[in-house]
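Here is a short briefing to read alongside the structure.

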Amino acid sequence: MPRSDRPRPSRRSGLPALLALLALAAAPGGAPALPVPRPAVAAAPAPAVPSAGSARSRLPAARAALRRLLPPRHALQFTLLPGPRGADGQDRFTVSGRPGAVVVRGSTPATALTGVGWYLRNVARVDIGWPGDSLGALPDVLPGLPRPVTRTALVRHRYALNDTDDGYAGAYRTWEERLRQIDLLALHGINEVLVQVGAEYPYYAALRRHGYTAAELRAWIPGPAHQGWWLLQNLSGFGGPVGERLVEERAALGARVADELRALGMTPVLPGYFGTVPPGFADRNPGARVHPQGTWDGFARPDWLDPAGPVFADLAADYYAAQRARFGDSAMYRMSPLHEGGTAASVDVRAAAGAVQRALDAAHPGAIWAVLGWQDDPTRELLSGVDTSRMLIVDGMSERYENLDRETSWAHTPYALGTIHNFGGHTTIGANTGVWLRRFDAWRAKPDSALAGIAYMPEAGGVDPAAFALFTDLAWEPGPLDRKEWFAAYARRRYGGGDGYAAAAWEALRTGPYSTGTDSAQPQDGLFTARPSLTANRSSAWTPGGMRYPAASVRTALDALLKVSPRLRGSSAYRYDLVDTARQALANHSRVLLPRIRAAYGAEDLGRFRLLVGEWQRDERLLAAVTGSDRHFLFGRWAAAARSWGADEAERDRLEYDARSLLTTWGARTASEPPSSLHDYANREWAGLLEEFYAPRWARYFDSLDRALVSGAAPRPVDWYAVEDAWAHRTTGHPTRPSGDPYALARAVADALPPAGALA
């Protein structure tokens, strides 16, 4: 991370926080090997107290966000004011005003920004997406409204980000990138945001009081890209050891993120403590009851300290004191004991859950425990041990399966309807949008409904702007949403003007990748990113094995986007969508080509085999070129970001390996290979990754098949993990800026692929 981008350590004001930090420093076993946070230059403004001065500065944090989001001449045409809450204390905004003087009142600064977002989409008819915008279409004078419009949130909790987001979306992002994410979440009505960056800090500080050295803890903490799974108690150590400065700077960045969320009146959702400990904890802490947790996908899981036994309460108190001193307080904390397995052994889960909640309540009275609804979690046993009125289940399975009854399954515990429409940060488009709309309305309407929110939780955010926009609209639009009308309006604002071809493109996408059902939560991936095999039908072992929608829908959309009026082609939203749709059309075509290559090989038709392999490799080159024309599809940015955080060359190499391995091998051989098969879980069609990793891997395989056809001998087996791990340890540089004309390159893709009619 460039020095100019380094976050300043955040100030925690107040005597209790200072005393907590000093108590940790004075504890037996030595002070945490981290400097006491330096005061920031200026404290974040309190969001609930309007400042004196002009009306436009009544909500200073929201005003600052508006200046970041809009051109200055348009930002100045908004007046942001505090406003009342709606019925039952729900957030509310009201938009009114005449041309050039738009007034937005919001119950929080973030809600005022939500009102701005509503105005831009529905009155000005432009889009600020995640990613891409059409702000260039705004008129010099913003339009007024004939009458005030008020929207009240339909649900109290509007939660965002998966436990895996900080890994798959980029653990090495800058403050500016994270600030942009906060602005976009506020603009779309989110009020609770998971904050994981810097989450290693309270472990590092608290466990120094319980017998561990700084070096031992830095070896136990994984590299930043893999830390999300450590916090879920799935693994430890991989990609480490982490450096002293890295721990400090990530904590400073996390504190800055939390401060910005508070300034906007949003809730920073911080990781809570439920008992994860390093090896040897019982030996260093007499009386502690520690239980090994076995393995998770080839990794040894960290041990679990029984929350109902001795020592836990003291360690939890130390953890929360260290966290408060650095990150401040919150009203919500994320914990998922026994996530994806784990071993309860002799632990009384009911008693353990109660002890976890008591420790949280002792540190943060009244705080909500947010738990992920995933597979069999949370169990009835866990729920029976807690006050469920102070829990929120963020449901990761809302869009899967039929006949779900969350009220019965979770004993009427409040829950949020969630989506995990993207696994691993895959570059795929599509979501079960029809399922979202049906279930949100039906589940809210139940007489005994416990639905209390929405939870936007793709494993990596910022890869599907349409899905993000539609899902977040659920919480704010009264009455059932009509999907056809919604996508038509989206097409109009996405590029900043009405266009029949844009409308046709999004109608094709609506009926294709955005109309999938409950058979899976995510779209299929392509095969250019698959580990080579003639029988490959997916890249990740955890994605669907076939097309989930007609391939012709994406091909039709590509043709229509290429015909959009030239006056609308200048926006970043158009360029992103065009590149993404061309990329998806190529990815879908890989599923047509590979079976043909297999048939030619099986028929021992060398000429046809070579012809089809040539077509495959042409498509790989087209894919690399078109993705290279948009910065969101550049592997070079991913690798360079990781290296920028290193204090020296050795750490830079280690952090780049952390980032590269997550996309490819995922981890050590035991995790990458069967039965875990995590390799390529986070595959993505990115320029740089395509040319240096995926295409050479397929070329090596096809060469072996070619030699086999010529010689008549069986092809030699390849140790793919060894090949992939060697690549993950490389430090080769790649472009960090896009190149090429997106329109010309997308046109070349369309010219190379079969027409939509041939795919029907």
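Helix α23 gives the largest share of the lining of the largest pocket, with five residues. Please keep in mind that this is a predicted model. The points below are grouped by topic.

**The largest pocket**
- The space in this pocket comes to about 1,100 Å³.
- Elements that each give two or more residues to its lining are α5 (165-168), α6 (175-187), α21 (572-602) and α23 (635-644).
- Its lining counts 48 residues, and A169, E177, R631, H632 and R637 lie nearest the centre.
- Sorted by class, the lining has 20 nonpolar, 17 polar and eleven charged residues.

- The model has 48 aromatic pairs.
- One of them joins W130 and F468 edge-to-face, at 4.9 Å centre to centre and with 75° between the planes.
- W130 sits in the loop between α4 and β4 and F468 in helix α17, so this pair ties together parts 338 residues apart in sequence.
- Both W130 and F468 are buried.
- W220 and W230 also form an edge-to-face pair, with 5.3 Å between centres and 85° between the planes.
- Because W220 belongs to helix α8 and W230 to helix α9, their pair links parts ten residues apart in sequence.
- W220 is buried at 6% relative accessible area, and W230 is buried at 1%.
- One aromatic cluster includes Y168, W229, F238 and W296.

**Charges over rings**
- R660 lies over the face of W727, 4.4 Å from the ring centre.
- R684 lies over the face of W638, 5.1 Å from the ring centre.

**A three-stranded sheet**
- The open sheet runs β8-β12-β9 with antiparallel pairing, and its edge strands are β8 and β9.
- Two bridges connect β8 and β12, and V277 stands opposite D303 in β12.

Note on methods
Residues numbered from 1 in each chain as written. Predicted model: local features only at pLDDT ≥ 70, side-chain atom pairs only at ≥ 80, totals over all residues. Heavy atoms only, no water. Pairing = 2+ DSSP bridges. Helix = DSSP H or I, 4+ residues; strand = E, 2+ residues; numbered from the N terminus. 1 Å grid on protein atoms, 1.4 Å probe; cavity = no way out; pocket = protein on both sides within 12 Å on 5 of 7 lines; lining within 4 Å. Points joined across faces, edges and corners; volume = space filled by probe spheres on them. Nonpolar A, V, L, I, M, F, W, Y, C, P; charged D, E, K, R; others polar. Phe/Tyr/Trp six-rings, centres within 6.5 Å; stacked < 30°, edge-to-face > 60°. Buried < 20%, exposed > 50% of the residue type's maximum accessible area, 1.4 Å probe, protein only. Lys NZ or Arg CZ within 6 Å of the ring centre and 35° of its normal.
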